[in-house]
Amino acid sequence: MSNKQTVIDLISQRKARHSLPRELYSDPQVYRQDLEQIWHKDWIFAGHTFEVAKPGQYFTLQIGDYPVVVVGGKNGQVHAFHNACRHRGAKVCEHEQGKVAKLVCPYHKWTYELDGNLLFAGNMGTDFDKTQYNLKPVHCEIVESFIYVCVATKAPDFDSFRSAVKPFIAPHFLDNCKVAFKSDLIERGNWKLVFENNRECYHCDGTHPELLNSFVENLSVAGVGGEDDPELSAHWARCERAGMPSKLVMDINGRFRMTRIPLSAGAVSYTMDGKPAVNGRLDKSGEADIGALLYFNYPSTWNHFLGDHALSFRVLPIGPNETLVTTKWLVPESAVEGVDYDIERLTKVWIATNDQDRQLVEGTQAGVNSPSYEPGPYSEIAENGVCQFDDWYCATMLERLRGPIALKSVG
């Protein structure tokens, strides 16, 4: 039986509003198809433009089988390339981030301009045509500082996502931000378990005391509405009067959604006391309490925007049972550490929350790996977001493995 048919059969076994069959979280064949059908075909959040604002600044990432480098070019351009020398395939940029004048392969010193054009290749003879050996480009799109890349030969549409998310992010002026702190956390769990855990707060009361000083679970976060909630409707109305789009926007297949939610009473930021972590504001709305803007874009990112700072999260699969979660705390570029913000105060809530989530994911992976595991039912009260993610995953995989189907609950 082919790998593709194996995945189709496993997805077809899933009961509606239940977690996934064991093998979809653990089987190497399934992981292989996850890479080929999703990670190697979709737009993946890479990083932010202000991380490559100067010519020669770069960062690298691994998207499944593909090493990628994103580099700042001349005149504010951003380029993305397959991070493999056109000579014998060595990684051109070996480090996670850095700054260079040219892109120079460490193996045989083939040298590329920041736009990927090959400038120098020694000992290749007079007949060698260096114009045929430029770095291979990777599709690259930008929306309000967020850099997305796609390693597919032909990239899917990006404009619908850009049009939807831009009005929400624009009022936060992220182009004027910097990374105050970055955390890389390897979770010993399948990437789907990582996202499932993020899509519900059923577990929060017993697990996230730091987060619950400010965060309140809301139906809008799950992407299932919330218009009938008077508190939420009032929050949306107040924020939108101040020029901050807030009402839930979700695309037809559930891949991305944006909404703004209120925080707990008196809280305006993710801190232990709910007070701002950073002097000054990202926005210019004049509204003191804008709550938190949340946006998700499967398969690689969720994000939180507050009045004083923002957090971007990037998910990258490493193996069937291993996932890299990168968190970046974003503050105004002019903010000075030790004067306008304290790193421990800024990061304490989400460093604790991320590690707590890591433990939950790893414990779930260990249980799912057991031959005794049997998929359980999702709560119709607290786990609609998780169910929506699994529905998206199943429908997307089936569509790509056997042709178009309606994106709806599978089972």
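Predicted model: local features only at pLDDT ≥ 70, side-chain atom pairs only at ≥ 80, totals over all residues.
Two residues are in contact when their heavy atoms lie within 4.5 Å of each other. Val 30, Gln 33, Asp 34, Gln 37 and Ile 38 in α3 meet a set of residues in α10, namely Trp 392, Tyr 393, Thr 396, Met 397, Arg 400 and Leu 401. Sorted by class, the residues in this contact of α3 with α10 are six nonpolar, three polar and two charged.

How do the two helices cross? Helix α3 covers residues 28-39 and helix α10 covers residues 384-402; their axes come within 10 Å and cross at roughly 75 degrees. Angles from 65 to 115 degrees count as roughly perpendicular, and α3 and α10 therefore stand roughly perpendicular to each other.

## A closer look at Asp 34

Is Asp 34 buried or exposed? Its relative accessibility is 0%, and a residue counts as buried under 20%, so Asp 34 is buried.

Which residues surround it? Setting aside neighbours within four places in sequence, Asp 34 is in contact with Trp 39, Trp 191, Lys 192, Tyr 393 and Met 397.

## The chain as a whole

Stepping back, the chain has ten helices and 17 strands. Its radius of gyration is 22 Å, close to the 22 Å that the globule rule gives for 411 residues, so the chain is as compact as a globular protein of that length. Along the principal axes, the C-alpha atoms fill a box of roughly 75 × 60 × 35 Å.

Of the 411 residues, 55% are buried. Contacts can also be sorted by how far apart the partners are in sequence: among those between residues at least 6 apart, 67% join residues at least 24 apart.

## Strand β2 and its partners

Strand β2 spans residues 57-63, and six of its seven residues are buried, so this strand is largely enclosed by the rest of the structure. Strand β3 (residues 66-72) runs antiparallel to β2, and six bridges join the two. Tyr 58, for example, has Val 71 in β3 as its bridge partner. β2 and β3 form a hairpin with two residues between them, and Gly 64 in the turn has a positive phi of about 60 degrees.

β2 is also joined to strand β5 (residues 97-99), by three bridges and again in the antiparallel sense. Here Phe 59 stands opposite Gln 97 in β5.

Strands β9 (residues 139-143) and β10 (residues 146-150) pair in the antiparallel sense over five bridges. Val 143 has Phe 146 in β10 as its bridge partner. This hairpin has two residues between its strands, and Glu 144 takes a positive phi near 50 degrees.

Elsewhere, three strands form an open sheet in the order β6-β7-β8, with antiparallel pairing. Which strands stand at the edges? They are β6 (103-104) and β8 (118-120); each has a single partner strand, so one side of each is left without a neighbour in the sheet. Strand β7 (residues 111-112) pairs with β8 over two bridges in the antiparallel sense, and Thr 111 has Phe 120 in β8 as its bridge partner.

How values were computed. Residues numbered from 1 in each chain as written. Heavy atoms only, no water. Axes fitted to C-alpha atoms, helices over the stretch in contact; angles between N-to-C directions. Helix = DSSP H or I, 4+ residues; strand = E, 2+ residues; numbered from the N terminus. Parallel < 35°, antiparallel > 145°, perpendicular 65-115°, else oblique. Nonpolar A, V, L, I, M, F, W, Y, C, P; charged D, E, K, R; others polar. Pairing = 2+ DSSP bridges. Rg over C-alpha atoms; globule rule 2.2 N^0.38 Å. Buried < 20%, exposed > 50% of the residue type's maximum accessible area, 1.4 Å probe, protein only.
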